[in-house]
Amino acid sequence: MGHYGDLQTQIYQDGLRGVLPDYPVDFATLEKRAENALSPSLLNYVQGGCGDEHTQRSNASAFHHWGMVPRMLVDCTSRDLSVDLLGMTLPSPIFMAPIGVNGEITQDQRGDIAAAEASAMTGVPFCASTLSNSPLEEVANATGSVPAFFQLYTPKNPDLAESLIRRAEAADYKALVITLDTWVTGWRPRDLNASNFPQLRGKVLENYFSDPVFRATLARPPEEDIAAAVQAWATTFGKVLTWSDIEWFRSITRLPIILKGICHPDDARRAADHGVDAIYCSNHGGRQANGGIAAIDMLSDVVNAAGEMPTLFDSGVRSGSDVIKALALGAKAVGIGRPYAYGLAIGGAKGAAHVLRSILAEADLLMAVNGYPTVEALVEEGASRI
Ligand SMILES: Cc1cc2nc3c(=O)[nH]c(=O)nc-3n(C[C@H](O)[C@H](O)[C@H](O)COP(=O)(O)O)c2cc1C
């Protein structure tokens with residue numbers, strides 16, 4: 001059986017023939033390459049975060065104060081990174097976090113499709129954002145047989161919310177990820193200094209512009225009056241959700257519901273009480289609130305409070321060893337965000353697929369070296385605070 005870590009042998013073998021990897025395998029080099037590939041405004045939007053960006057830096061650096069104790073004399077010649085999530089068996093424990101400007105990141109502005117193709121190429125599930133340059137149906141189609149999730153930014157218009165959810169069901173998305181932390185945009189100095197907010201420029205709004213309920217609210221279709229369509233979008237974006245809304249979601253969809261943005265154990269317990277299917281511990285990569293606490297430092301309390309309910313995680317994951325630490329702290333699946341976006345920037349679907357494969361290879365080799373043949377084994381071992 002092949003292992004994700006076999007990528008390493010392949011790279012060294014190719015090197016013997018004088019062939020070097022097209023894309024870097026580490027985050028620092030990847031980010032540098034993406035800095036050269038993206039326009040300044042898009043780079044600011046993807047790379048930037050809230051306030052002085054302390055939280056987003058902490059998200060990544062906090063992984064350094066978690067460590068894994070190696071175990072020896074364990075046969076790890078065969079490793080299994082598969083996980084069970086919401087009735088699915090996924091071949092690996094990672095997924096692609098929703099990124100609302102994927103569409104803009106590739107030169108052809110079809111980056112959502114490229115991200116979906118990267119998912120199809122790697123078997124890593126893609127969580128498609130509501131904010132997209134391609135309608136969610138086309139995105140789902142490009143993921144092939146790999147399960148995909150749909151991330152909802154809940155509009156104020158309930159008919160529009162329901163329409164988006166129905167479309168996600170019809171397109172065979174396997175779960176509804178409801179983002180809780182973004183009814184209003186956080187204070188992002190890089191974007192403010194450049195006065196750049198892509199949505200207000202009519203970007204990444206295709207899920208709205210293609211929606212019959214949204215279109216019915218317009219005097220003229222977006223193709224004829226983009227300014228009015230953007231205005232209508234701005235008016236409906238960002239319903240303030242409270243716990244009572246969760247029953248409404250439950251009542252209208254059969255899709256498993258995942259609440260994204262849960263960072264407090266009490267909120268995790270409340271989510272369990274409301275019968276949601278999973279929670280997603282994330283601080284939006286430090287883009288929304290500059291609250292100062294790294295997401296990884298909040299994870300284990302959230303996992304403990306969640307009990308049987310699975311906890312997904314993202315924010316600050318930059319490498320395979322970060323993935324392993326998040327799993328050891330109890331995450332059921334780990335979201336990759338900016339790294340795959342940078343992969344899209346430098347190489348489209350192939351670039352993003354390479355980033356995902358590199359992360360999985362490093363995770364697999366850490367398990368091989370440290371003596372954890374399965375995800376269960378490393379969860380049992382746990383991570384230590386250094
Ligand atoms: C450019 C960008 C756009 C994002 N768009 C969305 C989005 O549309 N919906 C959402 O729930 N989260 C969105 N996120 C947050 C990601 O899903 C994820 O929580 C975050 O990227 C994790 O942080 P990291 O990339 O630093 O690891 C976005 C993040 C970035 C960087």
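**Reading the chain by its cut-offs**

Student: Where is the place of Leu86?

Tutor: Leu86 sits in the loop between strand S2 (83-85) and strand S3 (88-90). Strands are DSSP runs of E, at least two residues; helices are runs of H or I, at least four; both are numbered from the N terminus. This is a predicted model: local features need pLDDT of at least 70, side-chain atom pairs count only at pLDDT 80 or more, and totals for chains, interfaces and linings use all residues. Residue numbers run from 1 along each chain as its sequence is written.

Student: What makes Leu86 count as partly exposed?

Tutor: Its neighbour count. A residue is buried if 20 or more other C-beta atoms, placed from the backbone, lie within 10 Å of its own, exposed if 12 or fewer, and partly exposed in between. Leu86 has 19 C-beta neighbours inside 10 Å, so it is partly exposed. Its phi is positive, about 50°, although Leu86 is not a glycine.

Student: Why does Gln109 count as partly exposed?

Tutor: Gln109 has 15 C-beta neighbours inside 10 Å, so it counts as partly exposed. Gln109 lies in the loop between helix H5 (102-105) and helix H6 (111-122). Gln109 is not a glycine, yet has a positive phi of about 60°.

Student: Why is Met68 called buried?

Tutor: Met68 has 20 other C-beta atoms within 10 Å, so it is buried. It lies in the loop between strand S1 (66-67) and S2.

Student: Which residues is Met68 in contact with, leaving aside its neighbours within four places in sequence?

Tutor: Ile324, Lys325, Ala328, Asn370, Glu381 and Ala383. Contact means C-beta atoms, placed from the backbone, within 7 Å. In the chain, of contacts between residues at least 6 apart in sequence, 72% join residues at least 24 apart.

Student: How many residues surround the ligand, and which are the closest?

Tutor: There are 24, the closest being Ala97, Gly100, Ser129, Gly285 and Gly337. Helix H3 (40-47) and helix H4 (54-61) are the elements that give two or more residues to this shell. A residue is near a molecule or strand if its C-beta atom, placed from the backbone, lies within 6 Å of it.

Methods. Two residues are in contact if their C-beta atoms, placed from the backbone, lie within 7 Å.
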